[in-house]
Amino acid sequence: MPNTFAPSRIAERFGVDVSKVLRWIEAGELKAINVATRLGGRPRWRITEESLVAFEQARTNITPFKPGRRRPPRVERRYY
């Protein structure tokens with residue numbers, strides 16, 4: 001398969017653990033092809049270049065979180 005990457009290469013590229021890449025695959029965020037020879041055995045995932053580009057584009061379009069306005073601390077008033 002030309003232009004395919006193993007999860008370990010993707011993890012190295014993004015600076016994350018391989019388990020994180022496998023979670024992206026399981027969640028459907030990153031599309032991958034199972035090239036295992038045995039059915040029901042341990043999956044061997046390969047990620048195509050096209051799905052990697054789509055994944056990167058989807059991740060860059062996320063807007064950063066903007067925190068809301070903070071309220072001033074509540075002042076306790078005592079009336080005697």
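This is a predicted model: local features need pLDDT of at least 70, side-chain atom pairs count only at pLDDT 80 or more; totals for chains, interfaces and linings use all residues.
Helix α1 (residues 7-14) lies across β1 and β3, running at about 55° to β3. Here, contact means heavy atoms within 4.5 Å. Axes are lines fitted to C-alpha atoms, for helices over the stretch in contact, and angles between N-to-C directions run from 0 to 180 degrees. The helices (H or I, at least four residues) and strands (E, at least two) are DSSP runs, numbered from the N terminus.

Residues are numbered from 1 along each chain as its sequence is written, and side-chain values use heavy atoms, with hydrogens and water left out.

## The sheet

Let us start with the strands. In an open sheet, 3 strands follow the order β1-β3-β2 with antiparallel pairing. β1 (4-5) and β2 (33-34) are the edge strands, each with a single partner, so one side of each has no neighbour in the sheet. Two strands count as paired if DSSP finds at least two bridges between them. In general, strands of a sheet pair through backbone hydrogen bonds, either parallel or antiparallel.

β1 pairs with strand β3 (residues 45-48) in the antiparallel sense over 2 bridges. Look for Phe 5, which stands opposite Ile 47 in β3.

Is Thr 48 buried or exposed? With a relative accessible area of 19%, Thr 48 is buried; the word buried stands for under 20%, exposed for over 50%, and partly exposed for what lies in between (1.4 Å probe, protein chains only). Beyond its neighbours within four places in sequence, Thr 48 touches Asn 3, Thr 4 and Ile 33.

Next comes α2, where Val 21, Trp 24 and Ile 25 are buried. These residues sit on the same side of α2, because they cover an arc of only 100° around the axis. The arc is that of the directions from the helix axis to the C-beta atoms. Glu 26 and Ala 27, on the other side of α2, are exposed. What do the buried residues of α2 pack against? Their partners are α1, β3 and α3. Just after α2, Gly 28 has a positive phi of about 85°.

## A cluster of rings

The structure contains 3 aromatic pairs. In one of them, Phe 14 and Trp 24 have ring centres 5.9 Å apart and planes at 90°, so the pair is edge-to-face. Phe 14 belongs to helix α1 and Trp 24 to helix α2, 10 residues apart, and the pair links these distant parts of the chain. Phe 14 also pairs with Phe 55: their ring centres are 5.8 Å apart and their planes at 80°, so this pair is edge-to-face. Since Phe 14 is in helix α1 and Phe 55 in helix α3, the pair ties together parts that are 41 residues apart in sequence.

Rings of Phe, Tyr and Trp (its six-membered ring) count as a pair if their centres lie within 6.5 Å; planes under 30 degrees apart are called stacked, over 60 edge-to-face, and the rest tilted. Ring pairs join Phe 14, Trp 24 and Phe 55 into a cluster.

## Salt bridges

How many salt bridges does a search of the whole structure find? There are 3, where a salt bridge is a side-chain nitrogen of Lys or Arg within 4 Å of a carboxyl oxygen of Asp or Glu.

Glu 56 and Arg 13 form one of them, with the closest N and O atoms 3.0 Å apart. Glu 56 lies in helix α3 (residues 49-60) and Arg 13 in helix α1, so the pair ties together parts 43 residues apart in sequence. A salt bridge also joins the side chains of Glu 29 and Arg 59 (3.1 Å, N to O). Glu 29 is in the loop between α2 (18-27) and β2, and Arg 59 is in helix α3, so this pair ties together parts 30 residues apart in sequence. Arg 78 and Glu 76 form a salt bridge too, their closest N and O atoms being 3.1 Å apart.

Here is how accessible some of these residues are.

| Residue | Class | Relative accessible area |
|---|---|---|
| Glu 56 | partly exposed | 24% |
| Glu 29 | partly exposed | 42% |
| Arg 59 | partly exposed | 37% |
| Arg 78 | exposed | 59% |
| Glu 76 | exposed | 61% |
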